[in-house]
Amino acid sequence: MTANEWSLDASDGELLVKTGVAGRAAKMGHRLTIAMTEWQATVRWSGGEPVEAELTVEVGSLQVRKGEGGVKGLSAPEKALARSNALNSLDAQHFPQIRFHTDDIDKSDDGYLLTGTLEIHGVSNEHAVNLRVDDLGETWRLSCEADVVQSDFDIKPYSMLMGSMKVVDSVTVSFTAERAKEG
């Protein structure tokens, strides 16, 4: 069997980041759900198995979808401010992309373990992701959830009120996409 390649993007699924809030004034803050609306994933296959995968995310595509908790609901101006704060924390002007690359892919009970290099904010670290693969009949559903510690990538989580309210250092990244089965 010859090498095959899948390409996926935001039209095939979604990439979300969920934040938490900590500190003495945490009850005032919102736990955010952030969508990364521009991304591209490529999976290379050989012999019916994935052998390499790459994901590139455009940091500037970050959109605040919703906020849970807080004293009151998250307004449109507050969403815009949260987006601006997140882009500043990520230094999106200097580091416009987030990348994950692996050629270390091992089959697991419900999918694959991807071990590779995650690059955020100009810092690269080894990262592992358990990718679940579900057979939906005419399509495959790919999904995963992974925690990413911002300080591991020299990112200082946003804080205010002299640190009394701050974004938790560990954020949860989730990915879901569907891919039609070939012929």
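Trainee: How many aromatic pairs does the structure hold?

Mentor: Two aromatic pairs. Keep in mind that this is a predicted model. Start with tryptophan 6 and tryptophan 45. Their ring centres lie 4.9 Å apart, with 50 degrees between the planes, and the pair is tilted.

Trainee: Which strands hold tryptophan 6 and tryptophan 45?

Mentor: Tryptophan 6 lies in strand β1, residues 4–9, and tryptophan 45 in strand β5, residues 39–46. The pair therefore ties together parts that are 39 residues apart in sequence.

Trainee: Is tryptophan 6 buried or exposed? And tryptophan 45, buried or exposed?

Mentor: Tryptophan 6 is buried, at 8% relative accessible area. Tryptophan 45 also counts as buried, at 15% relative accessibility.

Trainee: What about the rings of tryptophan 39 and phenylalanine 175?

Mentor: Read the angle between the planes. Planes over 60 degrees apart count as edge-to-face. Here the planes stand at 75 degrees and the centres are 5.2 Å apart, so the pair is edge-to-face. Tryptophan 39 lies in strand β5 and phenylalanine 175 in strand β14, residues 170–180, so this pair ties together parts 136 residues apart in sequence. Tryptophan 39 is buried, with a relative accessible area of 5%. Phenylalanine 175 is buried too, at 10%.

Trainee: Now the strands. How do strands of a sheet pair?

Mentor: Strands of a sheet pair through backbone hydrogen bonds, in parallel or antiparallel fashion. Take β11 and β14 here. They run antiparallel, joined by eleven bridges.

Trainee: How many bridges pair strand β10 with strand β11?

Mentor: Four bridges, in the antiparallel sense. Strand β10 covers residues 123–135, and strand β11 covers residues 139–149. Arginine 132 stands opposite serine 143 in β11. The hairpin of β10 and β11 has three residues between the strands, and there glycine 137 takes a positive phi near 100 degrees.

Trainee: In what order do the three strands of the open sheet stand?

Mentor: The order is β3-β13-β12, with antiparallel pairing. β3 (21–22) and β12 (159–160) stand at the edges. Each has a single partner strand, so one side of each is left without a neighbour in the sheet. β3 pairs with strand β13, residues 165–167, over two bridges.

Trainee: Which residue in β13 stands opposite valine 21?

Mentor: Valine 167. Valine 21 itself lies in strand β3. At 22% relative accessibility, valine 21 counts as partly exposed. The cut-off matters here, because buried means under 20%.

Trainee: Let's move to charges. How many salt bridges does the count come to?

Mentor: Nine salt bridges. One of them links aspartate 110 and arginine 132, whose closest N and O atoms are 3.3 Å apart. Aspartate 110 lies in the loop between β8 and β9 (111–120), and arginine 132 in strand β10, so the pair ties together parts 22 residues apart in sequence. Aspartate 110 counts as partly exposed, at 37% relative accessibility. Arginine 132 is partly exposed as well, at 38% relative accessible area.

Trainee: With which aspartate does arginine 132 form a salt bridge at 3.0 Å?

Mentor: Aspartate 134. That aspartate is buried, with a relative accessible area of 16%.

Trainee: Which side chain meets lysine 181 in a salt bridge?

Mentor: Aspartate 135, at 2.6 Å from N to O. Lysine 181 lies in the segment after β14 and aspartate 135 in strand β10, so the pair ties together parts that are 46 residues apart in sequence. Lysine 181 is partly exposed at 29% relative accessible area, and aspartate 135 is partly exposed at 47%. Lysine 181 also lies over the face of tryptophan 140, at 4.5 Å from the ring centre.

Trainee: Which residues are linked in a network of salt bridges?

Mentor: Glu5, Arg44 and Glu52.

Trainee: One last case. Is threonine 102 buried or exposed?

Mentor: Threonine 102 counts as buried, at 1% relative accessibility. Its place is in strand β8, residues 97–108. A polar atom of the threonine 102 side chain lies 2.5 Å from the backbone oxygen of threonine 115. Leaving aside neighbours within four places in sequence, threonine 102 is in contact with residues including Val51, Glu52 and Leu114.

Conventions. Residues numbered from 1 in each chain as written. Predicted model: local features only at pLDDT ≥ 70, side-chain atom pairs only at ≥ 80, totals over all residues. Heavy atoms only, no water. Pairing = 2+ DSSP bridges. Buried < 20%, exposed > 50% of the residue type's maximum accessible area, 1.4 Å probe, protein only. Phe/Tyr/Trp six-rings, centres within 6.5 Å; stacked < 30°, edge-to-face > 60°. Lys NZ or Arg CZ within 6 Å of the ring centre and 35° of its normal. Polar contact = N/O pair within 3.5 Å; in protein donor to acceptor, adjacent residues only side chain to side chain. Contact = heavy atoms within 4.5 Å. Salt bridge = Lys/Arg side-chain N within 4 Å of Asp/Glu carboxyl O.
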